Amino acid sequence: MAPASLLPQTYPKTQFEKASSLAAPMNRLLDRVASDGDWLTKVLEGSAASDPDFTGRLLSLHNKIRKKTGPQSSKARLGVIRSDYMLSNSVIKQIELNTIASSFGGLSTRISKMHAYLIRRFDLDFEGRRQPENDKLIDSLAESLFVAHEDYLSKNGIESAVIIFVVQEGESNTSDQNILEAALYSNHGVRVERRTLQQIFSEAKADDYSKILTLNGEDVSVCYFRSGYAPKDYEVETDKAWKARETMEESRSVMCPTLGYQLAGTKKVQQELERDGGVERFCEDEEEIRRIREVFAGLWALGEGMTKEDKKAAAEAMVSPEKFVMKPQREGGGYNFYGQQIKEKMEEAGGAENLDEFILMERLEPPKQDATLLRGGRVEGRGPSISELGIFACIYVSEDGEEMVNDYSGYLLRTKFDGVDEGGVASGFATLSSIVL
Ligand code: ADP
Ligand code: MG
Ligand code: MG
């Protein structure tokens, strides 16, 4: 059994509504950022140079392909996005925007159902609060993949194709992925093939001229990544893994996500968008800018491009490190630095100016609620816990720029004991939960 909370947590309704109504504007911002390859390159150059084997390779591959096939805006792109928030002084603040391998859409649907069952079965009352609807989450994710699939078929005059789920070797979170795979087949009759990057290298090829991607001779409409976000995904047969990514990205198939989306989801980009003029570069609507900025937490650059404010924050982090989180350009949980570790890392590097691959973020202190957490199907404990709300939203923009999908899909709540710094479920820190409003 997946790590789970026994019962839902209460959540302020206005804040939940704010988070879900920001789904489409956040996606649109992401799409615009991802389409501005020059800005992405400028912003990520420092991190890429300090982290050449991962961020550096992603960026250089992105730029190599951009030179060959033109800007991202000329290609179809699909995002299954999860924007994560924590409450801070009763309002939501964004932790991060996940643009690759956003997980737990499948299991979250099930946890909401389990909680709904317990509420009815034991006649539980949360002072009249109710669970928001979350039944459509998995169907909505499947639907967005299907829209991209259908668009691919019609644009390329192809009758049938498979969707590739790009997975990790020895993936432990398969049940979540299987729920999506099953929904694609039962709702839409679309078949999924699961492959690692290394297998794709051997089994897939793109036609030199048409750039049509095939897997063992079968057409591929969409490549949906549940891998490719961590260095370890490329470590086995490194050249083959990167080559597979290149073949896919260069092909006509729809990438979920494109390299542009993946890079636009980095913590460095999040931090640069928070700067004066950051969001404004990509968004004209003043009300939308205000709503997006309202959920930004304090973010500061580290490394060469530090401004006066960044330096001030870094100096403060040396004195009060418990007020900050230091983050590298990584996904999947378990990589951040907290408290004393921040100081040590800065000292070890010989100063904040040498930490280009990191950013500094204000540490949020969400309210505590009691929770009983289950792990491995047994009660792990009961105690004060904090939660992180994830808002799922899909975006699909066709090659001619039509926004065919851009909607809120559903939510995920992750709950962990207070005092646990990191937050991933798969990485063993948090549990899956649901909310009552
Ligand atoms: P990842 O992409 O690896 O999930 P996150 O930015 O989500 O990276 O950080 C991992 C976890 O660390 C989060 O789930 C959250 O629990 C905790 N965390 C991240 N940023 C903050 C913050 N500003 N304040 C408090 N906790 C944070
Ligand atoms: Mg992440
Ligand atoms: Mg996260």
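**Stop one: the ligand shell**

Strands are DSSP E runs of at least two residues and helices H or I runs of at least four, numbered from the N terminus. This is a predicted model, where local features need pLDDT of at least 70 and side-chain atom pairs pLDDT 80 or more, while totals for chains, interfaces and linings use all residues. Residues count from 1 along each chain as its sequence is written, with chains lettered from A and ligands numbered from 1 in the order written.

Now show the 20 residues around ligand 1; Glu96, Glu331, Met361, Leu364 and Gly423 come nearest. (A residue is near if its C-beta atom, placed from the backbone, lies within 6 Å.)

**Stop two: the cores**

Next, pick Val222, Cys223 and Tyr224, which have the most contacts inside the largest nonpolar core, a set of 97 residues. Such a core joins buried Ala, Val, Leu, Ile, Met, Phe, Trp, Tyr and Cys residues through C-beta atoms within 7 Å; buried takes 20 or more other C-beta atoms within 10 Å, exposed 12 or fewer, partly exposed in between. Apart from that core lies another, of 20 residues, including Phe324 and Leu360.

**Stop three: a loop**

Finally, go to Ser160, in the loop between helix 6 (137-156) and strand 5 (162-166). Ser160 counts as exposed because it has 12 C-beta neighbours inside 10 Å.
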